[in-house]
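Here are some notes for a colleague who is opening this structure for the first time. Please read them with the sequence and the model side by side.

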Amino acid sequence: MTDWRSTPFDPLSDGDKLKEECGVFGVIGVSSAANFTALGLHALQHRGQEAGGIVVHDPDHGFNSARRFGYVRDSFTSQDVMDTLPGPIGIGHVRYSTSGSKGNTAIRDVQPFFGEFAMGGAAIAHNGNITNADALRKELIERGSIFQSSSDSECIIHLMARSLQRNIPERMKDALRRVEGAFSIVAMTRTKLIGVRDPLGVRPLVLGRVGDGWCLASETCALDIIGAEFLREVEPGEMVVITDDKITSHRPFEPRKSRFCIFEHVYFSRPDSILGGQSVYSTREAIGRELAKETAVEADLVCPVPDSGTPAAIGYSLGSGIPYAMGIIRNQYMGRTFIEPSESIRNMGVRLKLNVNRALVRGKRIILVDDSVVRGTTSRKIKEMILDAGAAEVHFRIASPPTAWPCFYGVDTPQREKLLAATMTEEEMRRHLGVDSLRFISLDGLYRAVGETGGRDPDAPQYCDACFSGDYPVEPADQLERGFQLKAAE
């Protein structure tokens, strides 16, 4: 049967947002690791809705796994499935395909990946992208490796298999020293839970305590759902190896200045998570305040594009003194469409999930706050809906700088020529969208809002902001081989 998410009509996706990378979770020292993992993955569902998987180990039953397409709630709440996953240690992964076959995922591409080594089995779940995966894959295949998936993450398992080290953590260190790009990894053996971040710390990973056990997760919201205590972030370039009774910390890589993904603050992470000691919600509200300071305009109402624009819109309202209002209402119960996706229904697009509060916006000058503009297709449709409802003016305010460059570190972005900001000036974008004004927060303003009071350091940027600046902290070797052109030196 064809999964509805793989059809051209997906009422939950408009193709005009950067897709979250993936989410990883692991737990050790609990009575039922699979149940905890399923709950953690449910909290991380915003990071990947295409598929999910869980691997566990039990002393009596060995390793077991389950991989399913679709949402965690549809697969990992079945008692029949969960009964096949006994044991006190487990890891899980929710996926949006950033490498491999996008939109046509085979079950073999769904993580975690498992390998049987001389010293026992190990499973691995990876959030991020390996930027030299093509070269590694070619080398490994020439040396006899047989790949089972199209995912870049499988390279890590094969590199581990070729290592001469005597235990799994040491083999993983060997493997990851060959890897370039971004990776936050949760892995497991029969007795150990392992977490690793790349030397730049591009993608997030946090450590928690749950009862007498321990857990690792992409975000703190996954700790909250299982009642775990947030202990700290796994640091950039750190590997933690956890057994039932202790944690050891290792530094397998040459130290480098961290470059955490600034878009995690803008959009990817859940607003109830904590990043770098800061509430994501508070940061997004601060972004809105900074945006109001930089892009003032006379208007009657500030309205978010729900839901991702909401905290920034609240901040914009507080910063500008213009009243906040819910001018657009989101249908919270979008699921499988109850009608066939005929052309006429497909053309409804955004209207199936967003509706304008007509009585509120009629005759008003509206400031619409959104997190980003990628292709601009959704922004145009929303503007048309607002004007159709009788708004006098529409002013777009965007809580990130123009997205002009693709991400190669675990985010699915369109090719550069399909990014609106790559081919148009701000004024050309305004005319293209047909709005009265269009303004983005400045890159320095974004840095100030996330706590860098002096703004961005151009000589040593504090974050990875390549999607805005074209400044890639890790050379995207595979993409350069395919002809991608880096930004010319200024």
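1. A definition comes first, for the points on charged side chains: a salt bridge is taken here to be a side-chain nitrogen of Lys or Arg within 4 Å of a carboxyl oxygen of Asp or Glu. Please also keep in mind throughout that this is a predicted model. By the salt-bridge rule the count comes to 28 salt bridges, and Arg47, Arg203, Glu219 and Glu264 are linked with one another in a network of such bridges.

2. The salt bridge between Arg448 and Glu294 has its closest N and O atoms 3.1 Å apart. This pair links distant parts of the chain, since Arg448 belongs to helix α16 (residues 443-449) and Glu294 to helix α9 (residues 280-294), 154 residues apart. Arg448 has a relative accessibility of 34% and therefore counts as partly exposed, and Glu294, at 22% relative accessibility, counts as partly exposed as well.

3. Asp300 and Arg365 also meet through their side chains in a salt bridge, at 3.0 Å from N to O. Here, too, distant parts of the chain are linked: Asp300 is found in the loop between α9 and β17 (301-304), while Arg365 is in strand β20 (residues 365-370), 65 residues apart. Asp300 is partly exposed, with a relative accessible area of 25%, and for Arg365 the relative accessible area is 25%, so that this residue is likewise partly exposed.

4. A further salt bridge joins the side chains of Arg439 and Glu426, with 3.5 Å from N to O. Arg439 lies in strand β22 (residues 437-440) and Glu426 in helix α15 (residues 426-433), so the pair links distant parts of the chain that are 13 residues apart. Arg439 is partly exposed at a relative accessible area of 33%, and Glu426 is partly exposed with a relative accessible area of 33%.

5. Turning to the aromatic side chains, the count comes to 13 aromatic pairs. One of them can be followed in detail: the ring centres of Trp405 and Phe484 are 6.3 Å apart and the ring planes stand at 80 degrees, so this pair is edge-to-face. Because Trp405 lies in the loop between β21 (393-398) and α14 (420-423), and Phe484 in the segment after α18 (477-481), the pair ties together parts that are 79 residues apart in sequence. Both Trp405 and Phe484 are buried.

6. Phe484 takes part in another edge-to-face pair, this one with Tyr472, in which the distance is 6.0 Å centre to centre and the angle between the planes is 90 degrees. Tyr472 is in the loop between α17 (466-469) and α18, whereas Phe484 is in the segment after α18, so the pair ties together parts that are twelve residues apart in sequence. Tyr472 is buried, as is Phe484. Trp405, Phe408, Tyr409, Tyr472 and Phe484 form one aromatic cluster.

7. Charged side chains also meet aromatic rings in this model. The charged end of Arg416 sits over the ring of Trp405, at 3.6 Å from the ring centre, and the charged end of Arg209 sits over the ring of Trp214, at 3.8 Å from the centre of that ring.

8. How many of the ten residues of helix α6 (residues 168-177) are buried? Seven of them are, so the helix is largely enclosed by the rest of the structure. The buried residues of α6 are Ile168, Pro169, Arg171, Met172, Lys173, Ala175 and Leu176. At the N-terminal end, α6 is capped by Asn167, which places a side-chain oxygen 2.9 Å from the backbone nitrogen of Glu170.

9. Two local features complete these notes. Ser372, by contrast, is buried, with a relative accessible area of 3%. Ser372 lies in the loop between β20 and α13 (377-388), and a polar contact of 2.7 Å joins the side chains of Ser372 and Asp371.

Technical notes. Residues numbered from 1 in each chain as written. Predicted model: local features only at pLDDT ≥ 70, side-chain atom pairs only at ≥ 80, totals over all residues. Heavy atoms only, no water. Phe/Tyr/Trp six-rings, centres within 6.5 Å; stacked < 30°, edge-to-face > 60°. Helix = DSSP H or I, 4+ residues; strand = E, 2+ residues; numbered from the N terminus. Buried < 20%, exposed > 50% of the residue type's maximum accessible area, 1.4 Å probe, protein only. Lys NZ or Arg CZ within 6 Å of the ring centre and 35° of its normal. Polar contact = N/O pair within 3.5 Å; in protein donor to acceptor, adjacent residues only side chain to side chain.
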